[in-house]
Amino acid sequence: MIKEKIKENIGIIYLDRPKQLNSLDDNSINRIRDILKKFEQDDEVKAVLFDSLIDKGFSAGGDLKSMYYDYLVNDSVYEKDGLLKNEFDLDKYVASYKKPIISHWFGVTMGGGIGLSINSDFIIVEENINWAMPETSLGFAPDVGVGKFIASLPQALGQYVGLCGASLEASDLIKYGFADIYIKSSDYEDVINNLFTLSKDYDGKDLFNQFTKSIESFGQELEESKIDKNMEKIDKYFSHPSIEEIFDDLKENENNDDFAKNTLAILNERDPFSLALQFEKYFSDKNLTYEEVIDRDLRIIQNSMKEKRINEGIRAKIIDKDNKPNWAHKSLEEVSMYDVKKILNLEKSYKKTLIRKS
């Protein structure tokens, strides 16, 4: 369910589907859109807050189980991408929303939940955050426009996050500009009460300026994250000019480096086509606007639906839970770069561009 509330002059949208970890289905997407439109037209509402009423986190993403049964394997449905079109349209609406939006990220924050909220004007993150885009394990690539943000990361880290679905911690999200303040979960009520109180006297930029000043003391010092601890190895293995070279380097070192061994095991479970595509997508997303990225993301998933990669990914991870996807491409060697470039609308791959420049 999606619940709404107005406290002082802040419109609150609560995600509240505990059994589904706040995953987004058609009903919740439509409900969020309707509430946003109502708040946008209400002069008393000065800003909007996205929050969660469940303890486990903000949102696990799109409702893939619903997508699978209601769309992908439902022969009575002609538009298999109906849920996605609805979700992507909502994300674009949020990105262009006329009033300030604040989001509260904590616990499980993944996929479509990130896509819904990443364009917020202010994002509060807590110490227990598990932020990830694991789409390559599902037969497609990081979507809902989040690739635009992944493309802002340094090359090795961006590839590591995009290809492996690696999790980012609170300190990472602040360090790389994905969130605005890192607080203790025990301080959240005090932090957000400042927003409610200030909304009685301020609006627009003044409200945000006053709010950010009022909560500075709650901000936590950045800590050494798992990403930080492994950055030397991330740089070593993920700075290569091709996905094949990443694999080759990991294979060469898997017997004497646990990081290489574990990372290679993760990549070997992923869809080879999606890995090849995401490697190139990281670079091309840099040159596109958010709107262009999210529109292309839809086309990428439409292709995945056509080729049934996403069907197999969701079946193995969500439906049967056997974690044994039978990918159409068994290895990178079977992936056609022509097909990858066609989907991404690229004239040439990053690897060829690099060679021509050298």
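Predicted model: local features only at pLDDT ≥ 70, side-chain atom pairs only at ≥ 80, totals over all residues.

Reader: Let us start with helix H14. How many residues does it have, and how far does it reach?

Author: Helix H14 covers residues 272-285, which is 14 residues. From its first C-alpha to its last it reaches 20 Å, close to the 20 Å expected at 1.5 Å a residue.

Reader: Are the residues of H14 buried or exposed?

Author: Buried: this holds for 14 of the 14 residues, so H14 is largely enclosed by the rest of the structure.

Reader: Which salt bridge does aspartate 285 form with an arginine?

Author: Its partner is arginine 296, and the closest N and O atoms are 2.6 Å apart. Aspartate 285 belongs to helix H14 and arginine 296 to helix H15 (residues 290-306), so the pair ties together parts that are 11 residues apart in sequence. Both arginine 296 and aspartate 285 are buried.

Reader: Which residues are linked with them in a network?

Author: The network of salt bridges links Lys281, Asp285, Arg296 and Asp297.

Reader: How many salt bridges does the structure hold?

Author: There are 19. One of them joins lysine 85 to aspartate 81, at 3.7 Å from N to O.

Reader: Why does lysine 85 count as partly exposed, and aspartate 81 as buried?

Author: The relative accessibility of lysine 85 is 29%, which falls between the 20% and 50% limits. Aspartate 81 has 9%, which is under the 20% limit for buried residues.

Reader: Turning to aromatics, how many pairs are there?

Author: The count comes to 13 aromatic pairs. Among them is a tilted one between tryptophan 131 and phenylalanine 178, with 5.5 Å centre to centre and 50 degrees between the planes.

Reader: Where in the chain do those two lie?

Author: Tryptophan 131 is in strand S8 (residues 130-132), whereas phenylalanine 178 is in the loop between helix H7 and strand S9. The two are 47 residues apart, and the pair links distant parts of the chain. Tryptophan 131 is buried, at 0% relative accessible area, and phenylalanine 178 is buried at 4%.

Reader: Why is the pair of tyrosine 237 and phenylalanine 259 stacked?

Author: Their ring planes are at 15 degrees and their centres 6.1 Å apart, so the pair is stacked; the cut-off for stacking is under 30 degrees. Tyrosine 237 lies in helix H11 and phenylalanine 259 in helix H13, 22 residues apart.

Reader: Which cluster do they belong to?

Author: Ring pairs link Tyr237 and Phe259 with Tyr160 and Phe238 into a cluster.

Technical notes:
Residues numbered from 1 in each chain as written. Heavy atoms only, no water. Helix = DSSP H or I, 4+ residues; strand = E, 2+ residues; numbered from the N terminus. Expected span 1.5 Å × (residues − 1). Buried < 20%, exposed > 50% of the residue type's maximum accessible area, 1.4 Å probe, protein only. Phe/Tyr/Trp six-rings, centres within 6.5 Å; stacked < 30°, edge-to-face > 60°. Salt bridge = Lys/Arg side-chain N within 4 Å of Asp/Glu carboxyl O.
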